[in-house]
Amino acid sequence: MLLATGVLTTTLFAAPLAPTTPRLSDTYTDAPVPRRVRPTSIVIAKGFRELVHQRATYVAPAEADEVARVVLASAESTGVDPLLLVSLIEVESSFRAGVVSPHGAIGLMQIAPITGVHVARRNEIHWRCPDALFDPATN
């Protein structure tokens, strides 16, 4: 069995792999490189806003708009997937910026004040007070 495995491995890795799809350079030699679509494009932002409105059933439409705007801005600046941020916000606070957990976690993402202090120091952000975590942009 060991010998058969060795032969199979040699056969698999000796043969060049055929590409499943042609590369852009194989097809078009003078074609411009495709531009990456930014997550804040109008179409994506509109669809994202609608998604947040569908999920944010406990808050006013204006608050849902603010959450969508802040999440897209944060996603663009940090590189974090906006859907991941919205999922976390939905689970932690149901999109309610003013919620406080029984353990003292605050805001949309339910950040504990001590965590806020630590993250602010680490990223050289001016820390005002735990009440700043009620602000969606800060949270």
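**Salt bridges**

I looked up the salt bridges and found three in this predicted model; I count a salt bridge when a side-chain nitrogen of Lys or Arg is within 4 Å of a carboxyl oxygen of Asp or Glu. A note on the ground rules: the model is predicted, so local features need pLDDT of at least 70 and side-chain atom pairs count only at pLDDT 80 or more, while totals for chains, interfaces and linings use all residues. Side-chain values use heavy atoms, with hydrogens and water left out, and residues are numbered from 1 along each chain as its sequence is written.

**Asp65 and Arg49**

I began with Asp65 and Arg49, whose closest N and O atoms are 2.6 Å apart in a salt bridge. This pair links distant parts of the chain, 16 residues apart: Asp65 sits in helix α4 and Arg49 in helix α3 (residues 42–55). My helices are DSSP runs (H or I, at least four residues), numbered from the N terminus.

**Arg55 and Glu90**

I then turned to Arg55 and Glu90, whose side chains meet in a salt bridge at 2.7 Å, N to O. Arg55 belongs to helix α3 and Glu90 to helix α5, so this pair ties together parts 35 residues apart in sequence. Arg55 is partly exposed, with a relative accessible area of 42%; Glu90 also counts as partly exposed, at 24%.

**Arg69 and Glu66**

I found Arg69 and Glu66 in a salt bridge with closest N and O atoms 2.8 Å apart. Both residues lie in helix α4, three residues apart, about one turn of the helix. Glu66 is partly exposed at 28% relative accessibility.

**Largest pocket**

A pocket, on a 1 Å grid over the protein atoms alone, is an open set of points where a 1.4 Å probe fits, with protein on both sides within 12 Å along at least five of seven lines; lining residues have an atom within 4 Å of a point.

I noted 25 lining residues, with Ile111, Val119, Ala137, Thr138 and Asn139 nearest the centre. Two or more lining residues come from each of α4 (61–78), α5 (82–93) and α6 (113–122), and α4 gives the most, with five.

Key
Buried < 20%, exposed > 50% of the residue type's maximum accessible area, 1.4 Å probe, protein only.
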